[in-house]
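Morning, everyone. Let me put the structure on the screen, and then we'll walk through it.

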Amino acid sequence: MSDVPVYMIANLVTNEDPSEYRMYEKGFFPILKKYDGEFITFDDNPMHVEGDNPIEQDRMIMFSFPSSEKADA
């Protein structure tokens, strides 16, 4: 089923060194594009609504890939 889109969510801690995060952010989009990934959205105030929340996070990012092979690459 290589033609099934894959959606990913990344939970990031961005407040430790904002300048370092900005360098990461600038390099991220060319890599995402290289594997045909698409940025969908982000949230700087994600709200946990159910179950345990073991992850410290400042930003949630959602993106997609056209296949699991592209996402794994």
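Start with N11, which lies in strand β1 (residues 6-12). Strands here are DSSP runs of E with at least two residues, helices are runs of H or I with at least four, and both are numbered from the N terminus. N11 is partly exposed, at a relative accessible area of 32%. On that scale, buried is under 20% relative accessible area, exposed is over 50%, and partly exposed is in between, using a 1.4 Å probe and protein chains only. From the C-alpha of N11 to the C-alpha of E38 is 17 Å, and the two residues are 27 apart along the chain.

A word on what you are looking at. This is a predicted model, where local features need pLDDT of at least 70, side-chain atom pairs count only at pLDDT 80 or more, and totals for chains, interfaces and linings use all residues. Residues are numbered from 1 along each chain as its sequence is written, and side-chain values use heavy atoms, with hydrogens and water left out.

Now confidence. pLDDT is the predictor's confidence in each residue, from 0 to 100. The chain average is 85, and 93% of the residues score at least 70. Strand β2 (residues 38-43) has the highest confidence, at 94, while α1 has the lowest, at a mean of 86.

Next, the core. Which residues make up the largest nonpolar core? There are eight: L12, Y21, F28, L32, I61, F63, F65 and A71. A nonpolar core here is a set of buried Ala, Val, Leu, Ile, Met, Phe, Trp, Tyr and Cys residues joined through side-chain atoms within 4.5 Å.

Look at L12. Leaving out residues up to four places away in sequence, L12 touches Y21, Y24, Q57, D58, R59 and I61. Contact means heavy atoms within 4.5 Å.

On to charge. Side chains of opposite charge can pair when their charged atoms come close. How many salt bridges does the rule give? Four. The rule asks for a side-chain nitrogen of Lys or Arg within 4 Å of a carboxyl oxygen of Asp or Glu.

Take R59 first. Its side chain meets that of E25 in a salt bridge, 3.0 Å from N to O. That pair links distant parts of the chain, with R59 in strand β3 and E25 in helix α1, 34 residues apart. Buried or exposed? R59 counts as buried, at 10% relative accessibility. E25 counts as partly exposed, at 23%.

R59 also pairs with D44, at 2.5 Å from N to O. D44 sits in the loop between β2 and β3, and R59 in strand β3, so this bridge ties together parts 15 residues apart in sequence. D44 is partly exposed, at 37% relative accessibility. Through shared partners, salt bridges join R22, E25, D44 and R59 into one network.

Another bridge: K70 with D36, closest N and O atoms 2.8 Å apart. K70 is in helix α2 (residues 68-72) and D36 is in the loop between α1 and β2, so the pair ties together parts 34 residues apart in sequence. K70 is partly exposed, at 30% relative accessible area.

Last stop, D36 itself. D36 is not a glycine, yet its phi is positive, at about 60°. D36 is partly exposed, with a relative accessible area of 39%.
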